[in-house]
2 protein chains.
Amino acid sequence: MGRTSDARDKILSAAQTLIEQRGYTALGVAEICAAAGVPKGSFYHFFESKQALALTVIDEHWTEQRRQWTGLLGADRPPLQRLRDLFEATETVQRIGQQDNGTVVGCLFGNLALELSNQADDVRRRLQEIFDEQIKLIEKVVAEAHERGDTASTLDTHAAAQSIVAQLEGQVLFAKLLNDPGQVEAMWRNCLALLGVVDPDLT
Amino acid sequence: MGRTSDARDKILSAAQTLIEQRGYTALGVAEICAAAGVPKGSFYHFFESKQALALTVIDEHWTEQRRQWTGLLGADRPPLQRLRDLFEATETVQRIGQQDNGTVVGCLFGNLALELSNQADDVRRRLQEIFDEQIKLIEKVVAEAHERGDTASTLDTHAAAQSIVAQLEGQVLFAKLLNDPGQVEAMWRNCLALLGVVDPDLT
């Protein structure tokens with residue numbers, strides 16, 4: 001993938017912003033390079049193709065988001081509270097994106113899943129892996145809550161974690177559609193319902 | 001919008017298929033006309049622009065889907081059972097789409113919400129109206145279930161209906177990402193949890 005350099009970072013940063021604002025398909029390499037302020041020739045020094053760039057944008061974004069997720073979900077707090085922290089952080093991320101871009105940009109992974117799933121197998125597989133990792137990170141916390149007796153005793157922790165991630169994608173879709181990060185607030189109430197939490201004071 | 005004709009229908013049908021397979025941005029008018037088997041000149045006889053075509057595709061798809069939704073949700077069945085029928089029909093629609101296209105195509109409205117929300121205000125507004133209608137159709141049935149005492153007594157029926165639609169979008173996203181219509185099966189269990197249904201036998 002070439003050595004790391006200022007030009008490479010500029011291309012990646014410009015590409016992520018443009019993909020969040022306008023999607024992947026609408027973009028051309030020339031436009032990305034213009035936004036990055038680097039000559040077009042240097043693009044192919046770092047990336048084989050536009051799709052290779054997209055995969056790197058995805059990987060770098062997940063590296064950053066995973067750091068945030070593992071920090072929040074591994075904190076020394078009651079497990080349900082950690083999930084709540086994650087939802088609040090998600091809303092904050094969407095609010096900052098809205099301030100920076102003028103509109104809510106949504107979830108990069110969800111956006112690309114719907115835009116590219118049935119066109120680019122490499123992208124589909126990478127996004128499958130990322131959502132799988134997200135589900136596993138959530139499931140670990142759900143299982144802790146379950147062991148403490150905070151959730152319904154019959155809970156299927158994996159299915160519940162999958163449903164929480166699906167609900168999060170759906171609420172972020174509404175946040176983007178309505179240009180309203182506050183849509184994500186519904187996550188906490190829905191998470192309690194999906195987990196069968198009877199007494200929210202347990203958190 | 002011009003008179004209805006065979007050529008107009010062919011353009012709409014080709015455009016819906018192509019948008020479901022590859023999104024809106026990737027398409028050109030020439031390609032749509034080629035797929036429809038109509039001369040490019042006739043396109044502008046029926047549609048002012050590609051975006052005007054997209055809005056018509058959205059409207060026609062919602063007219064068809066609303067007919068299905070109102071039929072299922074207005075049926076002479078217990079209310080929760082009607083919701084279950086809707087989820088099963090959604091899975092069937094995704095399965096048929098998969099058979100016709102080779103991959104799960106997802107929800108046309110969700111796909112376009114993520115692709116175009118922050119680029120095309122007309123499309124955003126129309127999709128907001130459609131999701132609002134979907135939430136109202138679901139809410140009516142949720143309210144019936146609530147009145148019968150099938151759900152949690154403290155249920156906020158509007159918020160619950162919004163969450164069911166968000167969950168449906170999230171599960172259909174997973175169905176598309178994993179090319180597996182069976183992902184939608186999780187809807188019934190999640191719907192019961194979101195509504196606080198204690199005894200599923202009530203349905």
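Biologist: Quick one to start: is the crossing of α1(B) and α2(B) left-handed or right-handed?

Modeller: α1(B) makes a right-handed crossing with α2(B). Keep in mind that this is a predicted model.

Biologist: Okay, and at what angle do those two helices of chain B pack?

Modeller: About 115°, and their axes are 8 Å apart. In chain B, helix α1 covers residues 6-22, while helix α2 covers residues 29-36.

Biologist: Why give me both an angle and a distance?

Modeller: Because two packed helices are described by the angle between their axes and the distance between the axes.

Biologist: Which residues meet there in chain B?

Modeller: From α1(B) you have Lys10(B), Ile11(B), Ala14(B), Ala15(B), Leu18(B) and Arg22(B). Across from them, α2(B) brings Glu31(B), Ile32(B), Ala35(B) and Ala36(B).

Biologist: How many of the residues in that contact are nonpolar, polar or charged?

Modeller: The contact of α1(B) with α2(B) has 7 nonpolar and 3 charged residues, with no polar ones.

Biologist: Switching to chain A: how do α1 and α2 cross there?

Modeller: The axes of α1 and α2 in chain A come within 8 Å and cross at roughly 115°. The crossing of α1(A) and α2(A) is right-handed.

Biologist: Let's pick a residue. Where is Thr17(A)?

Modeller: Thr17(A) sits in helix α1 of chain A.

Biologist: How far apart are Thr17(A) and Ala35(A)?

Modeller: Along the sequence, Thr17(A) and Ala35(A) are 18 residues apart. In space, C-alpha to C-alpha, they are 9.6 Å apart.

Biologist: New topic, the two chains. What rotation superposes chain A on chain B?

Modeller: A rotation of 180°, with 0.0 Å of shift along its axis and an RMSD of 0.0 Å. That is the relation of a two-fold axis.

Biologist: How many residues does each chain put into the contact?

Modeller: Chain A gives 40 residues and chain B gives 40 residues. Also, 100% of chain A's interface residues are interface residues in chain B too, so the copies meet through the same surface.

Biologist: And what area is buried between them?

Modeller: About 3400 Å² between chain A and chain B, with carbon and sulfur atoms giving 60% of it.

Biologist: Which three residues of chain A supply more of its buried area than any other three?

Modeller: Leu114(A), Phe174(A) and Leu177(A), which supply 20% of the area that chain A buries against chain B.

Definitions and conventions
Residues numbered from 1 in each chain as written. Chains lettered and ligands numbered in written order. Predicted model: local features only at pLDDT ≥ 70, side-chain atom pairs only at ≥ 80, totals over all residues. Heavy atoms only, no water. Axes fitted to C-alpha atoms, helices over the stretch in contact; angles between N-to-C directions. Helix = DSSP H or I, 4+ residues; strand = E, 2+ residues; numbered from the N terminus. Left-handed = near helix turned anticlockwise from the far one by under 90°. Least-squares fit on C-alpha atoms with pLDDT ≥ 70 in both. Contact = heavy atoms within 4.5 Å. Buried area = accessible area lost by both parts, 1.4 Å probe. Nonpolar A, V, L, I, M, F, W, Y, C, P; charged D, E, K, R; others polar.
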